[in-house]
Amino acid sequence: MLTDAFIKNVKAAESPKKYADGGGLFLYVPANGSKLWRMTYRYNRKSKLLSFGKYPAVTLKMARERRDAAKKLLAEGIDPSRHKKAVEAAKLEEENRIFENLAREWHQTKTGHIGSESYKIRLMRRMELYLFPTLGKMPISMIEAQDILAAVKPLVERGKLLIAKKMLEQVGRIFRYAVATGRCKHNIAADLRGALPTVQVTHRAAIKDTRMVGKLLLDIDNYVGSYQIQCAIKILPLVFLRSGELGKATWDEIDFEKKEWRIPASRMKMKEPHIVPLSRQVLEILADLHKFSGNYNYVFPSIRTLSKPIGHSSMLNALRLMGYTKEEHSIHGFRAMASTLLNELGFNSDWIERQLAHQEHNGVRAAYNYAQYLPERHKMMQVWADYCDELKEKARPEYEKKPLSGRKTREYANEKKSFVSNSST
């Protein structure tokens, strides 16, 4: 019989060695120096081999206990090797039914189409913070409605109703995935619809009154700041893109001949390619801007470094410097402004929705619809730009009666020169 001292001091030889302990148990020491526990036995008149693990993780005492357990199974007519595989399979199946493991599996396999990489990271972080502490170690079939409510209750108590609602929706997605993969029979999260207090949605501020829109557009025309920011905020109302989609524009996306701006899916919020027909007014601004940043990648390069684009805050700061508070207007408000006024002008709502790049519910259809209504949208975008010019002219008499701030009355030629100077260096 082996001893702990012997096993500890045994050394690897040039060829593998076996050291018997009795009852079929032996220590196998290959040439690489590992020490492995194995057991030989006969089942149905066939010689078979069973592995118990590696020393010292599996001690001599543990190896003997596993040998004795295997002999007991043999006495009952059970093959220890098949029993071991069945136990391991059952353990793996149990682990696959644990909520946290299912959530991570869902996150790895089902998030390819739902958002950016930063969104996926943020989603996982929220599950780690708000769901896993309560539900993480529970088998999904054992989770009850009260358990789910207990997970989101702290968020409700802290007034974070929107996050609580999103987490409840996320639990529902994981349950649907579990049902689809045979890990549970019923999505109990669906029974909690309406269980949380109603979320009071606050829409981002937007100017929609035509007289005030004309004043806003005149303020934009008179804004004095960095040249690329001036151009960006002049274009923004005319294309009504999201700030990130506009700010990160590259010159290879602009087709002056076709009068189109083709944004790849990777830069769009909904991860679908998008075409923006360019009006005469937008093309004029871009043509002028091309003289200064055309040799660089980004249409609107950052003030600090030409290798990076402007950000949302740059455009927002310009809006705030014009005197518009967050309660009056926002960068996102240009989208709401365009949507409202285009509908009032009588344009087809489908054209407007497609131009706003709102999500298409049918994912397959969305992949091919980015060019839908393109001729009509070309006409609509030119009419919209002309309409914006009309609103400015209507507002101009009253606007010019009021003195502009010192910042607005300064000529922006110096700002242009400064940008050109920075570009050349």
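The largest cavity in this predicted model comes out at about 60 Å³. Here a cavity is a set of points, on a 1 Å grid over the protein atoms alone, where a 1.4 Å probe fits but cannot get out; the points are joined across faces, edges and corners, and the volume is the space filled by probe spheres set on them. A search of the whole structure turns up one cavity of 30 Å³ or more. Sorted by class, that makes five nonpolar, two polar and two charged residues (Ala, Val, Leu, Ile, Met, Phe, Trp, Tyr, Cys and Pro count as nonpolar, Asp, Glu, Lys and Arg as charged, and the others, Gly among them, as polar).

A few ground rules apply: residues are numbered from 1 along each chain as its sequence is written, and side-chain values use heavy atoms, with hydrogens and water left out. Because the model is predicted, local features need pLDDT of at least 70 and side-chain atom pairs count only at pLDDT 80 or more, while totals for chains, interfaces and linings use all residues.

Turning to the helices, α4 (residues 99-110) packs against α8 (residues 161-180) at an angle of about 90 degrees, with the axes 10 Å apart. Helices are DSSP runs of H or I with at least four residues, and strands are runs of E with at least two, numbered from the N terminus. Axes are lines fitted to C-alpha atoms, for helices over the stretch in contact, and angles run from 0 to 180 degrees between N-to-C directions. The two helices are therefore roughly perpendicular (65 to 115 degrees). On the α4 side, F99, L102, A103, E105, W106, T109 and K110 meet Q170, V171, R173, I174, Y177 and A178 of α8, contact being heavy atoms within 4.5 Å. These contact residues divide into eight nonpolar, two polar and three charged.

There is also an open sheet of three strands, in the order β5-β6-β7 with antiparallel pairing; strands pair if DSSP finds at least two bridges between them. β5 and β6 (residues 260-263) share two bridges, and I254 has W261 in β6 as its bridge partner. Helix α17 (residues 374-401) packs on this sheet, touching β6 and β7, and runs at about 45 degrees to β7.

How values were computed
1 Å grid on protein atoms, 1.4 Å probe; cavity = no way out; pocket = protein on both sides within 12 Å on 5 of 7 lines; lining within 4 Å. Parallel < 35°, antiparallel > 145°, perpendicular 65-115°, else oblique.
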